[in-house]
Amino acid sequence: MTKAGAVVFIVLIQVATTMPSIMAWTPPPPPTYPPPPPPTSVTKCPPPPPTSAAKCPLDALKLGACVDLLGGLVHIGIGDPVENQCCPVIEGVLGLEAALCLCTTIRAKLLDLNILLPLALELIVSCGKTVPPGFQCPAL
């Protein structure tokens, strides 16, 4: 055997002995990544707070008539006829709701809030409702 033949023979022996390991080679498994996080609930922007006009559960016509009575009593003060006509109108709502409704009605009639609001709040209290201390009509 020649020197070149011996080299080829050695190479063939090495290939033959490594062949089974080459043939048995399998690709590595794909990398595993951490699972994606579970979907989070979508946070929706809250709807804008309703205006007091949209929130007012009172009859606008009856409440308007009540405000008209208050306007006539600016210099007299609250009396029994006003309470008899207005208390049934605000019955069944919280004092704060009634106050917000009166604010809206006074504004809708283009009347002076600074003059009528104290009378309206006094009326609400005389009808047995509670209004938060220092209540002011919300700005538009």
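Good morning. Helix 3, residues 60-72, has 13 residues and reaches 18 Å from its first C-alpha to its last, close to the 18 Å expected at 1.5 Å a residue. That expected span is 1.5 Å times one less than the number of residues in the helix. Helices here are DSSP runs of H or I with at least four residues, strands are runs of E with at least two, and both are numbered from the N terminus.

Before going further, a word on the source. This is a predicted model, in which local features need pLDDT of at least 70 and side-chain atom pairs count only at pLDDT 80 or more, while totals for chains, interfaces and linings use all residues. Residues are numbered from 1 along each chain as its sequence is written, and side-chain values use heavy atoms, with hydrogens and water left out.

Let me return to helix 3. Which of its residues are buried? They are Leu-63, Gly-64, Cys-66, Val-67 and Leu-70. Seen down the axis of helix 3, these buried residues fall within an arc of 160 degrees, so they line one face of the helix. The arc is that of the directions from the helix axis to the C-beta atoms. Buried means under 20% relative accessible area, exposed means over 50%, and partly exposed lies in between, with a 1.4 Å probe and protein chains only. On the face turned away from the buried side, helix 3 carries the exposed residues Leu-61, Lys-62 and Gly-72. At the start of helix 3, a side-chain oxygen of Asp-59 comes to within 3.0 Å of the backbone nitrogen of Leu-61. This is a polar contact: a pair of N or O atoms within 3.5 Å, where, within protein, one must be able to donate a hydrogen and the other to accept it, and residues adjacent in sequence count only if both atoms are side-chain atoms.

Now the protein as a whole. Its secondary structure comes to six helices and zero strands. Of the 140 residues in the protein, 26% are buried. Among contacts with a separation of 6 or more, 72% join residues 24 or more positions apart, a contact being heavy atoms within 4.5 Å.

Thr-105 lies in helix 5, residues 95-108, and is buried, with a relative accessible area of 12%. A polar atom of the Thr-105 side chain lies 2.9 Å from the backbone oxygen of Cys-101. The side chain of Glu-97 reaches the backbone nitrogen of Leu-94 at 3.1 Å. From C-alpha to C-alpha, Glu-97 and Val-131 are 8.9 Å apart in space, although 34 residues apart in sequence.

How many salt bridges does the structure hold? It holds one, and it is formed by Lys-109 and Asp-68, whose closest N and O atoms are 3.2 Å apart. Lys-109 lies in the loop between helix 5 and helix 6 and Asp-68 in helix 3, so the pair ties together parts that are 41 residues apart in sequence. A salt bridge requires a side-chain nitrogen of Lys or Arg within 4 Å of a carboxyl oxygen of Asp or Glu. Both partners count as partly exposed: Lys-109 at 34% relative accessibility and Asp-68 at 43%.

The loop between helix 5 and helix 6 also holds Leu-110. Leu-110 has a positive phi of about 55 degrees although it is not a glycine. Most residues other than glycine have a negative phi. Leu-110 is exposed, with a relative accessible area of 75%.

Finally, helix 6 and the segment after it. Helix 6 has 14 residues and reaches 19 Å from its first C-alpha to its last, close to the 20 Å expected. Its buried residues include Leu-113, Leu-116 and Ile-124. After helix 6 comes Gly-128, whose phi is positive, near 90 degrees. Lys-129 lies in the segment after helix 6. Lys-129 is buried yet has no salt bridge, and the nearest side chain of opposite charge, Glu-91, is 7.4 Å away; Lys and Arg count as positive and Asp and Glu as negative, while His and the chain ends are not counted. The side chain of Lys-129 does reach the backbone oxygen of Val-93, at 2.8 Å. Thank you for your attention.
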